[in-house]
Amino acid sequence: MPERPLAPPARQREGLHVAWEALIVLLVCANLGLILFDGLFAIAPINQLLATWLPAWHTAYDQHIHANFQLIDLGFVAIFVLDVLLGWTIALFERRYARWWYYPFAHWYDVLGCIPLSGFRWLRVLRVGVLLVRLQRLGLIDMRGWALYGLLRRYYLLLLEELSDRVMVRLFSRLQQEIGASDDLSRRLLQEVVKPRKERLLDDLSRRLQGMLENGYRDNRGAIEGYVGSLIHQALRDNREVRNLRRVPLGGRLADTLDDALADIAARLIQGAVDGLHGPQFQRLARNLAEEFFDAWVYQDENTDLALEELLVDVIEVLKQQVLDRRWSGFVGPVEPPTPPE
């Protein structure tokens, strides 16, 4: 996705920042290079080798730079401290952060890099990244096409996923512990979550019941009428009075007529019942059935509480296993899932 172009004033201001960052980066490179070289100069074999090959240069460096290295480094530190204070002041005028004291935390690498200790000095290298970001904003470079950028971004995303997975697993484990330690969780879920939504749930249940009956009859009308007709035919065939009726003259035709009439009446009754699904009488019936189902569903006893807690714990355990099953494990090779936190 291309960068949004900057407005002319913002672009000019960003250009000044880039120029200053470039200057600081050059000073950082000079300072770190001097630190590295002076460290090598202090090693006896290298010192003797330089004294043998470049005696005049060795003497001048030893007297003017190596002997005053701490003062020279403090000069660089003073410039870096000035850079931090100047950047802080500019950030205040530009209202870059919500609080005035956010700057040293956002630029912690600059603040720590001002400490004249070997471990902190190398944090100044991070200024190169700041310079690259500003050049990216100006459109002078496009880091997204760099192989190094793609590699670092991939591992950065993997690191974020790993950290987020561990946080989620710990939260899930804590939630499981809370469920196990709570004595009234199921009661609270029903009283505070389910029952306040009773009317909405009842409306949904009655609507679903109505839709199920309508769709079921429409899609299986022939099978239903055939099944009902076969039941009536079987009942009449097994009935003693009907069998006796068939023995008299014209009794068989009368019995068949009765069979067809009852089947037609049953089909009309079913059709009428389905047509009356939208009527107020059926609406009341569906509402009562849904309410009976709802009351049976929210009925609580000791077994209900235990079953609900076990269900929640098992669901959370499945979520934990899904989180631990890293999608990126194939990229870095098989990795054993971490032991869930206690």
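This briefing covers the helices, core, ring pairs, cavity and pocket of one predicted protein model.

Residues are numbered from 1 along each chain as its sequence is written, and side-chain values use heavy atoms, with hydrogens and water left out. Because the model is predicted, local features need pLDDT of at least 70 and side-chain atom pairs count only at pLDDT 80 or more, while totals for chains, interfaces and linings use all residues.

The protein has 17 helices and 0 strands. Helices (H or I, at least four residues) and strands (E, at least two) are DSSP runs, numbered from the N terminus. Of its 342 residues, 26% count as buried. Buried means under 20% relative accessible area, exposed means over 50%, and partly exposed lies in between (1.4 Å probe, protein chains only).

**Contacts across the chain**

- Contact means heavy atoms within 4.5 Å.
- Among contacts in the protein with a separation of 6 or more, 67% come from residues 24 or more positions apart.
- Lysine 198 is in helix H11 (residues 198-219).
- At 22% relative accessibility, lysine 198 is partly exposed.
- Leaving aside neighbours within four places in sequence, lysine 198 is in contact with Glu291, Phe294 and Asp295.
- Lysine 198 and aspartate 295 are 97 residues apart along the chain, yet their C-alpha atoms are separated by 9.7 Å.

**Nonpolar core**

- A nonpolar core is a set of buried Ala, Val, Leu, Ile, Met, Phe, Trp, Tyr and Cys residues joined through side-chain atoms within 4.5 Å.
- The largest nonpolar core holds 15 residues, and Val28, Leu34 and Phe80 touch the most other members.
- H1 and helix H4 (69-94) each supply at least two residues of this core.
- H1 gives the most, with 6 residues.
- Leucine 34 touches Tyr61, Ile65, Phe69, Ile72 and Phe76, not counting residues up to four places away in sequence.
- In soluble globular proteins, nonpolar side chains tend to be buried together.

**Aromatic pairs**

- The whole structure contains 12 aromatic pairs.
- Rings of Phe, Tyr and Trp (its six-membered ring) pair if their centres lie within 6.5 Å; planes under 30 degrees apart count as stacked, over 60 as edge-to-face and the rest as tilted.
- Phenylalanine 37 and tryptophan 57 form an edge-to-face pair, because their ring centres are 5.6 Å apart and their planes stand at 75 degrees.
- This pair links distant parts of the chain, with phenylalanine 37 in helix H1 (residues 8-41) and tryptophan 57 in helix H3 (residues 55-66), 20 residues apart.
- Phenylalanine 37 is partly exposed at 29% relative accessibility, and tryptophan 57 is partly exposed at 40%.
- Ring pairs link Phe37, Phe41, Trp57 and Tyr61 into a cluster.

**Cysteines**

- A search of the whole structure finds 0 disulfides; a disulfide is a pair of cysteine sulfur atoms within 2.5 Å.
- Cysteine 29 is partly exposed, with a relative accessible area of 45%.
- Cysteine 114 is buried at 12% relative accessibility.

**Cavity and pocket**

- On a 1 Å grid over the protein atoms alone, a cavity is a set of points where a 1.4 Å probe fits but cannot get out, and a pocket is an open set with protein on both sides within 12 Å along at least five of seven lines; lining residues have an atom within 4 Å of a point.
- Grid points are joined across faces, edges and corners, and a volume is the space filled by probe spheres set on the points.
- The count comes to 1 cavity of 30 Å³ or more.
- The largest cavity has a volume of about 70 Å³.
- Its lining residues include Val28, Phe80, Asp83 and Cys114.
- H1, H4 and helix H6 (108-113) are the elements that give two or more residues to this lining.
- Aspartate 83 is found in helix H4 and is buried, with a relative accessible area of 5%.
- Aspartate 83 touches Trp20, Ile24 and Arg127, not counting residues up to four places away in sequence.
- The largest pocket holds about 640 Å³ of space.
- This pocket is lined by 22 residues, and Gly129, Val130, Leu132, Val133 and Arg134 lie nearest its centre.
- H1, helix H8 (127-138) and helix H9 (147-181) each give two or more residues to the pocket lining.
- H8 supplies the largest share, 6 residues.

**A loop residue**

- Arginine 95 lies in the loop between H4 and helix H5 (103-106).
- Arginine 95 has a positive phi of about 50 degrees although it is not a glycine.
- At 73% relative accessibility, arginine 95 is exposed.
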